[in-house]
Amino acid sequence: WKYVNQVMPVPVGSPKYGWKHGFLPPLGGKGQPFDTTKGMLVVVTRDAFIWLSKMMNEAYDPIMNAKRENGFPAFIRAPYSNICHDHIEREEQQVVCESAANLVQIRTQKYKQWL
């Protein structure tokens, strides 16, 4: 990631193309749709099994973190929901922006949209 960021700097906090872990606009926030005629989108992924284990340890979301107490098999099968991270007011209000049948489904939906 460090090499990619050196060659093609990405402003991590920029809302230009949406939240870095979310859907690309217009599905994911107020940013602008990515114009593939003017640039290239680089998607760096993590192995699904390593990612699921990481999400079990820290999902960065109070809704999903609360589901960890039932153990790993139940956690990865549990309905997925995530509060908004695109604006601090909505995050503080716990507004749900994403939902899916489970973690694997939301990951697949996002990767399909990014690719």
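In the predicted model, helix α2 contains four residues that are buried, namely Trp51, Leu52, Met55 and Met56. These residues lie on the same side of α2, because they cover an arc of only 145° around the helix axis. The face turned away from this buried side carries the exposed residues Ile50 and Asn57. Helices α4 and α6 are included in what covers the buried residues of α2. At the start of α2, the backbone nitrogen of Phe49 has a side-chain oxygen of Asp47 within 3.0 Å.

The largest nonpolar core comprises 13 residues, of which Met55, Met64, Phe75, Tyr80 and Leu103 touch the most other members. Two or more residues of this core come from each of α2 (48–57), α4 (72–77) and α6 (103–114). Helix α2 makes the greatest contribution, with 4 residues. In soluble globular proteins, nonpolar side chains tend to be buried together.

Glu98 is located in strand β2, which spans residues 96–100. Its relative accessible area is 10%, and Glu98 is therefore classed as buried, the limit being under 20%. The side chain of Glu98 is joined to that of Tyr80 by a polar contact of 3.0 Å.

How values were computed. Residues are numbered from 1 along each chain as its sequence is written. This is a predicted model: local features need pLDDT of at least 70, side-chain atom pairs count only at pLDDT 80 or more; totals for chains, interfaces and linings use all residues. Side-chain values use heavy atoms; hydrogens and water are left out. A nonpolar core is a set of buried Ala, Val, Leu, Ile, Met, Phe, Trp, Tyr and Cys residues joined through side-chain atoms within 4.5 Å. Buried means under 20% relative accessible area, exposed over 50%, partly exposed in between (1.4 Å probe, protein chains only). The arc is that of the directions from the helix axis to the C-beta atoms. Contact means heavy atoms within 4.5 Å. A polar contact is a pair of N or O atoms within 3.5 Å; within protein, one must be able to donate a hydrogen and the other to accept it, and residues adjacent in sequence count only if both atoms are side-chain atoms.
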